[in-house]
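Dear colleague,

Here is the structure for your files.

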Amino acid sequence: MFKPLLSLTGGLIATAAISIAQAKPLAQEDLSVAEVLRDRALASSNAYSIVESLTVEVGPRRAGTEGDERAVAWAQEKMKSLGFDRVYTEQIEVPRWTRGHAHAQVISPYPQPLVVSSLGYSVATPEGGLTAEIVEFPDVESLLEASPKQVKGKIAFINKRMAKARTGEGYGPAVQGRSKGMRAAAEKGAAALLLRSVGTDSDRFAHTGMMSIDNIENPVPALALSAPDANLLEAMLSRGKPVEVKLDIDNQRHSDGPSFNVIGEITGRETPEEVMIIGAHLDSWDEGTGALDDGAGVAIVMETARLIAELPVRPRRTLRVVLFGAEEIGLVGAKQYLDAHRHELDNIIAISESDFGAGKIWRFDTRLPENKFDIADQMMQLLAPLGIERGNNQSYGGPDSSVFVAEGVPAFGLYQDGTDYFDYHHTPNDTLDKVKPENLRQNVAAWVVMSFLATEMEGNFGRVPVKAEK
C-alpha cells in the first residue's frame, strides 16, 4: 500500500496558493519558464499525434520482430523531426519467438470453445494437440505446494482474480501466476498450464504476457484464458465432474537476435555530460497495437523533449530520452543499457519513466535524498494546479527505471490513474481509441515541469542510499 499523501517534509500537500516567490533551491526565473512550458503543453495536441503515428504506421512491435524493426526506424525519424540534437541507437540482444495459433476447447462434460492466448515464449503442443483433465488452483502458491501426484499429466488451471485499483496494486499478486506458473507446472509434471488472465476486465479477450522460461528442462504449453472463460471453467468444475480440455498450440522459439534502444538528446549548454533520463519502452505485445502499453508513454516523453527543445536556449544539462527495447520480455533493454553505461551512472542526476497507460496523472512520488525534498516541494507548486497530489519518497521511477534506482540513481514518479489500465493491458483491445488527447496533454504538462526543472537546476540530487528490499 502507498503511504498517506502528505508532503515529504511532514506537512500538508503544497497548493497552488503558495507563492512561487518563496522558492529557494530552484530559481524564480526557472520556475516561470516551467510554468510557461506547462501551459504550452496543455494547449498542444502533438503527443496524441505521436501515438497515433506509432500505432497506425507501425502497430504491434514485439521485440525481435519486423514490427520491432519498423518501430526503431520510426522512432529515429520522429525524434529527428521533433528537433532532438542527437539521435542514435544502441544494439541489444533479445530472445526471439514466433506466435502461432492457440486453440482450446472443453471436450467433456460440456463441450464448447474457450478463448485463449499463448503466454510469451510458450512451447507448442505435440502435433494434433493434447487432451487432459483440469486441476484447479486458487493461486500459484497452491500449485507450488501441491504434490506432483495431484498435478502429473493434467492441465494446471490457476484461477486467481485480479483486484481493480487506481494504483494498479492488484497486479503484483495476480501476475505471480503468469511469471511462476509454467515453471511450477512443468516441475510437477503437468501436461500444460491454463491461467486466468492477469487483468480486470470482463471482456472475452485473453491477456498475454511474459513468463519465467530460463533453465526449465521440460517446459509445457502455457495459455492465458479470458475472464469469462475462466468463469465458465470454474462453473463447470463446481459441478463435481471431471473436466477435460483439448489444447492445440503452434509456437516456435528461435535463436537470439538484435533489437535496439533508441536514444534522443537535447544537449545541455553547460554540463552536457550530466543527464536527466526520461524513458518509455518502444516494444509492445503483438495482440493489440500497443497504444496504452507503451505508445502513450513514448509520446509523452518525446513531446516533453520537443517542448524543451523549442526554448531559446538549451537547459543547463542534457535531457536524454531513452526508448527502451524489449521491456515486455524482462527489462532486457534497460538491463543491457545499465551494463553498457555503468561507468557513467554518477552522471545520471535522476530518472523517470512513463509506462502505465494514458490516464491522468494524479500523484507525484520521488526517490531523493532527504536534503533535496525542498526541490520536489517547489515542483509541486506547478504540478498541483494539474490535479496532482504529493505522494511518498519510495518511487522506483517505472519498470525500466527500477534497474537504475537499484544502483542509487534518484527517481521521480508521475503516477497515472490506472483504474481501467488492466482492462486492456496485453490484449487485442490495447488500441488508439482508448487514448484520450486531453489526458495526454495533462501528462505532458506534468512531465515538462519535472524534466525542465531537473535539467536546469543548479547542483544535483546526489545519490540515494540503496536499501535491501524486504
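The largest pocket has a volume of about 1,300 Å³. A pocket here is an open set of points on a 1 Å grid over the protein atoms alone, with protein on both sides within 12 Å along at least five of seven lines; the volume is the space filled by probe spheres set on the points, which are joined across faces, edges and corners. This is a predicted model, in which local features need pLDDT of at least 70 and side-chain atom pairs pLDDT 80 or more, while totals for chains, interfaces and linings use all residues. Residues are numbered from 1 along each chain as its sequence is written, and side-chain values use heavy atoms, without hydrogens and water.

The pocket lining (residues with an atom within 4 Å of a point) has 50 residues, with Tyr171, Tyr396, Gly398, Pro399 and Phe422 nearest the centre.

One cavity of 30 Å³ or more turns up in the whole structure; in a cavity a 1.4 Å probe fits but cannot get out. The volume of the largest cavity is about 60 Å³, and its lining includes Trp285, Asp286, His426 and Asp430.

Arg320 lies in strand β12, residues 317–324 (strand: a DSSP run of E, at least two residues). Arg320 counts as buried because its relative accessibility is 11%, where buried means under 20% with a 1.4 Å probe and protein chains only. The side chains of Arg320 and Glu265 are joined by a polar contact of 2.7 Å (N or O atoms within 3.5 Å, one able to donate a hydrogen and the other to accept it; residues adjacent in sequence count only if both atoms are side-chain atoms).

Regards

Technical notes: Helices (H or I, at least four residues) and strands (E, at least two) are DSSP runs, numbered from the N terminus. Buried means under 20% relative accessible area, exposed over 50%, partly exposed in between (1.4 Å probe, protein chains only).
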